[in-house]
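Open the model in your viewer and keep the sequence beside it. This tour tells you what to select, stop by stop.

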Amino acid sequence: AMAIAQRNLGNGGPAVPAVGLGCMSLSGIYGDADDAASVEMLRGAVDLGVTHLDSSDMYGWGHNEGVIGRALRGIRGKVFLATKFGQTRNPGGPNGVNGRPDHVLAACDASLRRLGVDAIDLYYQHRVDPAVPIEDTVGAMARLVQQGKVRFLGLSEAAPETIRRGHAVHPIAAVQTEYSLLYREEAEATRAVTRPLGISFVAYSPLGRGFLTGAITDFAQIDGRRAAHPRFQEQNFARNRALVAAVEAIAREKGCTPAQLCLAWLLAQGEDVVAIPGTRRLDRVRENIGALDVRLTPREIACIEAAVPKGAAAGTRYPAGGMKGVQL
């Protein structure tokens, strides 16, 4: 594996590459995925040093973990493996959520089986269950650590006060929330709590669900999962596309791609931040780790932030139903 800049997860926690790999798109979320190609891509990513793989039992309802399990055969020791629990299937409606201790334990066993591993490096509650005290959920997650099934604990889309309460029960190594140039207020409010506690921040959708790569230039290109997201809808598209065009202009001047500029900006926000951009393509993985060679001066960072001011993106991070499940 190549040497990639590493950052520690949590105080004295494990080192992971500053740029990891979000695996959701390997389960048909953004169009069809070919499992054999996905296995090959994952193994190629690990060869490149992108060894932090992020999955969930919700991605394809187990399919994603199965694909990762195939890719891990013979290379488990090289990989920092993260997965999540807590969303439940609700055919025809928005996903349910279950943070009850019995579900935590059963979900972990099911994930271990699909992944074909005896321990998960980082286990997250994917969405907070408002009906279950966070102390009960994290208490069950702590039991998994005691049993050796899980090494480190994480929370996803948890509100600052929830994080504080969970961390008091068992140390939380990482909190995961959407964080990019387009959407940063909630992430910054969360980091104001996680940083003093020594909790790392894992930025998902760091490229704005592909918008910030510059690959989406026209409203006609929007289909599938993206079509449901307000940022890509017609009334918001032109405004957000203009923000991306401003990023593209700065990237051209800097001699890097828009994705590399956006990832470099994100990593410059602090040593507590690691990014997990998702892709199905190995050339994109290579492009993303190229962000680690992009050095931004304070002046360039200010320029980027002036081009995409905080709160400038049009449309919420999720459709209305999804917004009800975040930051709880």
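Select Cys23: is Cys23 buried or exposed? Cys23 is buried, at a relative accessible area of 0%; buried means under 20%, exposed over 50%, and partly exposed in between, with a 1.4 Å probe and protein chains only.

A note before moving on. This is a predicted model, where local features need pLDDT of at least 70, side-chain atom pairs count only at pLDDT 80 or more, and totals for chains, interfaces and linings use all residues. Residues are numbered from 1 along each chain as its sequence is written, and side-chain values use heavy atoms, leaving out hydrogens and water.

Stay with the cysteines. The closest cysteine sulfur to that of Cys23 is in Cys108, 18 Å away, too far for a bond. Now select Cys303. Cys303 is partly exposed, with a relative accessible area of 40%. Its sulfur lies 12 Å from the closest cysteine sulfur, in Cys256, again too far for a bond. The structure holds zero disulfides (cysteine sulfur pairs within 2.5 Å).

Next, select residues 101-115, helix α3. Helices here are DSSP runs of H or I, at least four residues, and strands are runs of E, at least two, numbered from the N terminus. Color the buried residues of α3, among them His103, Val104 and Cys108. The buried residues pack against elements including α2 (63-72), β8 (120-125) and α4 (134-146). Just after α3, click Gly116: its phi is positive, about 70 degrees.

Last stop: Thr137, in helix α4. Thr137 counts as buried because its relative accessibility is 0%. What does Thr137 touch? Setting aside residues up to four places away in sequence, Thr137 touches Phe85, Gly99, Val104, Gln125 and Val132; contact means heavy atoms within 4.5 Å.

Terms used:
Expected span 1.5 Å × (residues − 1).
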